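Please read the points below alongside the coordinates; they are meant as a colleague's notes on a few local features.

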Amino acid sequence: MNSRQNQLKAFDRLLTIMDELREQCPWDKKQTMETLRHLTIEETYELGDAILDNDLEEVKKELGDVLLHIVFYSKIGSETHDFDIADVCNEICEKLINRHPHIYSDVKVDNEHDVKRNWENLKLKEGKKSVLEGVPKSLPALVKANRIQEKVAGVGFDWEKPEQVWEKLQEELAEFQYEVKTGNKDTMESEFGDVMFSLVNYARFLDINPENALERTNKKFSKRFQYLEEKAKSQNKSLKDMTLAEMDVFWEEAKRL
């Protein structure tokens, strides 16, 4: 691995290149925080994909893309004299020090749950009106549900045992089934949301990340379906013209791969 000196040298090189691009490249000169926003989101998802695929070479590349965006935003901030990369680094350093009194002060903790609880309590002391303020509004609903539950659990609002969450999930499923029988779309959707929220909560108690779990299933399904398409094509068949029984033969083959 690189020495700290080489790490700092590499970061300085990136900052220099960013300065040059911002000054000389027509595309880079035109960018604003608003135009970069959707690209940053895309890069973050690409990093997430690489992590789930356990492709460390790709993780390295995608981390570089995300880091570039951080440097880019900081460069734009320096041009308006609002902040620069040093301000960004110092801000997060101060936050980390303040949020880790068990490392930088004399606070004692026994486990990671104590750390999380202290973290949320410290945020409230810093002026946050709600522990939920740290949950971005634009997060996908599944991720948001998980973060909301983690946040409130951090201040003690939580079930005591997984069995209690499982019972709640069964209760919500029964309520959902009742509304399905009534046929009211609005109440069906509401109860389905409750089922999803409870299922996410149960996953949290089992130390399962629901987003990762669902994405693994997405990938698994896509791989099997693409195998099905390939097998049909090799036999000059169209899926639309095949029966479910015929497709199921290839599907079972894909499951054994």
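1. In this predicted model, Tyr 104 has a relative accessible area of 54% and is therefore classed as exposed, since the cut-off for that class is over 50%. Tyr 104 belongs to helix α6, which covers residues 101-104.

2. A nonpolar patch on the surface is made up of Leu 67, Ile 70 and Val 88, which together contribute about 200 Å² of accessible area. Of these residues, Leu 67 is placed in helix α4, residues 56-79. The relative accessibility of Leu 67 is 33%, so this residue counts as partly exposed, a class that lies between the limits of 20% and 50%.

3. For the largest pocket, the computed volume is about 690 Å³. Its lining comprises 21 residues, and those that lie nearest the centre are His 113, Lys 116, Glu 150, Ala 153 and Arg 204. Two or more lining residues are given by each of the helices α7 (112-125), α8 (141-153) and α10 (185-205), and it is α7 that supplies the largest share, with 7 residues.

4. How do the residues lining the largest pocket divide into nonpolar, polar and charged? The lining of the largest pocket holds 10 charged residues, alongside 6 nonpolar and 5 polar ones.

Key: Residues numbered from 1 in each chain as written. Predicted model: local features only at pLDDT ≥ 70, side-chain atom pairs only at ≥ 80, totals over all residues. Heavy atoms only, no water. Patch = residues over 30% accessible without salt bridge, like charges linked within 9 Å, V, L, I, M, F, W, Y side chains within 5 Å. Areas by Shrake-Rupley, 256 points an atom, 1.4 Å probe, with all protein chains shown as cover. Salt bridge = Lys/Arg side-chain N within 4 Å of Asp/Glu carboxyl O. Helix = DSSP H or I, 4+ residues; strand = E, 2+ residues; numbered from the N terminus. Buried < 20%, exposed > 50% of the residue type's maximum accessible area, 1.4 Å probe, protein only. 1 Å grid on protein atoms, 1.4 Å probe; cavity = no way out; pocket = protein on both sides within 12 Å on 5 of 7 lines; lining within 4 Å. Points joined across faces, edges and corners; volume = space filled by probe spheres on them. Nonpolar A, V, L, I, M, F, W, Y, C, P; charged D, E, K, R; others polar.
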